[in-house]
Amino acid sequence: MISFNQVNKRYPGGYEALKNVSFDIAEGEMVFVSGHSGAGKSTLLKLVAGIERPNSGSVLVNNQNVGALKGAALPYLRRNLGIIFQDHKLLFDRSVFDNVLLPLQICGFDHRENAKRVRAALDKVGLLKREKANPIALSGGEQQRLCIARAIVNRPSILLADEPTGNLDTEYAHEIMDIFRSFHQVGVTLLISTHDESVLQDGAVRRLALKQGELQ
Amino acid sequence: MIHAFARHLGILRAVLRRMFASRVGGLLNILVIGIALSLPAGMYVLLKNAQGLVEQLSGTPQISLFLALNAQESDIAELHGRLEANEAIANVEFISRDRALEQLKQSTGLADVIGSLEKNPLPDAFIVSPKQAEPQALDALRDELARLPRVEQAQLDSAWAYKLEALLRFGRLAVLILASLLSLALIAVTFNTIRLQILTQRDEIEVSRLIGATDGFIRRPFLYFGALQGLFGGIAAWLIVSASLLLLNRPLGELSQLYASQFVLQPLSPGDSLSLLLFSLYLGWLGAWLSVARHLSRIIPAN
Ligand SMILES: Nc1ncnc2c1ncn2[C@@H]1O[C@H](COP(=O)(O)OP(=O)(O)O)[C@@H](O)[C@H]1O
Ligand SMILES: [Mg+2]
């Protein structure tokens with residue numbers, strides 16, 4: 001489903017964020033990317049979504065070479081992905097409901113179905129009662145769950161989450177992890193980055209450990 | 001099909017909401033565009049009315065031949081014969097000096113003054129209707145008739161109409177220049193409005209791009225905004241012009257009654273109205289398109 005082959009990523013300043021990274025993730029797998037701040041976790045996820053392009057090597061998603069994809073084809077790749085950004089990227093000029101509606105509007109889904117889908121997504125993350133609120137009024141944990149709702153509303157087959165438990169108390173963090181596990185159970189492929197080893201205590205999970213851009 | 005239509009309606013609704021989010025701001029923009037467009041549109045409609053007046057008055061150009069005061073009956077009869085034989089003339093009417101004086105008395109209400117005259121100061125005259133109405137042909141015919149014996153003066157009645165026509169040509173050019181300049185202004189206003197909108201919506205644009213919005217999806221609301229704002233500006237211009245004409249028609253009616261004629265300003269024709277609206281819509285769209293093409297990728301780089 002996702003396959004990196006000898007990927008190198010160098011940022012304009014010359015900094016090598018990823019060095020010779022190779023791995024394969026099968027359909028339905030749940031994989032964690034761990035490492036300290038600056039290890040290259042966000043860069044790795046951005047390469048999957050085509051937000052950054054590799055300097056060498058190949059990034060395949062659904063057998064599409066993302067690095068070589070034309071600009072006009074990128075939107076259609078991203079519609080198959082649900083992305084939870086490290087900096088949330090919520091829109092504070094509209095309600096919780098409208099934030100979750102945005103991906104559906106972008107995909108041009110049927111109008112009458114949209115409200116139902118939005119509420120289903122909000123229900124999954126336990127925010128159904130807050131649909132009219134402005135995201136700014138939500139707690140950190142609720143904002144994170146809102147990001148998840150927005151990422152899953154168009155039922156993507158791959159979910160990318162960049163430090164979704166970053167600034168959360170352990171209790172909230174476990175809530176979020178439980179939500180991801182429920183997606184894993186219904187067959188979604190998940191790639192989740194974290195610098196917090198404590199959420200990985202469950203030994204059964206697959207882990208890609210990054211250190212200064214290199215896979216350990 | 002219906003589905004796509006509903007989606008466009010949805011975008012339109014969102015655009016309208018944004019346009020009037022600040023009610024005063026939205027209306028002010030539209031008013032500015034409306035006033036800018038109403039200037040050339042108003043001048044155009046006035047010119048068109050003047051044009052109509054010219055055509056109405058100069059519809060049948062005539063040449064008046066005033067005869068020498070000492071012309072004899074026999075001279076007049078001979079002249080009448082020559083005029084009727086002229087190939088270029090459609091119709092000849094003789095107006096004797098007595099009849100001319102009578103007409104003058106009746107039409108001007110100056111009976112007392114005229115009655116006090118010792119003798120009739122008016123000459124005998126022929127009113128000649130030429131077959132052709134082209135200015136050159138008329139001028140040639142007038143010169144020819146002026147050379148006839150006993151003809152003191154040959155006057156082309158519609159000469160002033162041609163002078164006015166030349167003036168109107170000048171006016172039309174002025175309208176064209178004004179319209180071009182104000183069209184540029186409209187494009188510039190829209191260009192800037194859209195630039196500010198892109199700036200204030202950079203978060204939404206950035207997020208939308210990141211979660212799979214196409215360039216077309218991101219552009220569309222801005223283009224709709226420009227086109228709608230242009231259209232509303234056009235409607236405002238139409239209202240301003242129409243209201244002004246109505247306002248002018250009342251004093252004009254009184255004025256024209258003094259001249260015993262009926263002259264009212266005609267409003268913009270349906271065709272001209274439609275052109276005005278489509279043109280303003282197009283200009284707004286163009287301003288938005290230029291702005292989006294220039295600013296979208298500069299403000300929020302695509303990746
Ligand atoms: N746009 C960028 N330009 C230059 N350097 C960057 C950019 N993004 C990230 N980096 C650098 O690349 C390294 C890896 O960053 P990142 O992938 O964000 O790490 P992590 O998410 O693991 O904290 C860091 O040293 C960071 O400073
Ligand atoms: Mg990061």
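On a 1 Å grid over the protein atoms alone, a cavity is a set of points where a 1.4 Å probe fits but cannot get out, whereas a pocket is an open set with protein on both sides within 12 Å along at least five of seven lines, and lining residues have an atom within 4 Å of a point. This is a predicted model, in which local features need pLDDT of at least 70 and side-chain atom pairs count only at pLDDT 80 or more, while totals for chains, interfaces and linings use all residues. Residues are numbered from 1 along each chain as its sequence is written, chains are lettered from A in the order in which they are written, and side-chain values use heavy atoms, with hydrogens and water left out.

The structure holds one cavity of 30 Å³ or more, and the volume of the largest cavity is about 60 Å³, a volume being the space filled by probe spheres set on the grid points, which are joined across faces, edges and corners. Among the residues that line this cavity are Arg78(A), Pro103(A), Asn154(A) and Ile211(B). E6(A) gives the most to the lining, with three residues.

The largest pocket contains about 1,200 Å³ of space. Its lining consists of 33 residues, and those nearest its centre are Arg94(A), Gln105(A), Gly10(B), Ala14(B) and Glu204(B). H3(A) provides the largest share of that lining, eight residues; helices (H or I, at least four residues) and strands (E, at least two) are DSSP runs, numbered from the N terminus. Sorted by class, the pocket lining has 15 nonpolar, eight polar and ten charged residues, where Ala, Val, Leu, Ile, Met, Phe, Trp, Tyr, Cys and Pro count as nonpolar, Asp, Glu, Lys and Arg as charged, and the others, Gly among them, as polar.

Turning to the interface, 22 residues of chain A are in contact (heavy atoms within 4.5 Å) with 16 residues of chain B. Between the two chains about 1,700 Å² is buried, with carbon and sulfur atoms giving 65%; buried area is the accessible area (1.4 Å probe) that two parts lose on being put together, summed over both. Of the area that chain A buries against chain B, Arg78(A), Lys89(A) and Ile106(A) supply 30%, more than any other three residues.

Two salt bridges (a side-chain nitrogen of Lys or Arg within 4 Å of a carboxyl oxygen of Asp or Glu) are counted between chain A and chain B. Arg94(A) forms a salt bridge with Glu204(B), with the closest N and O atoms 2.7 Å apart.
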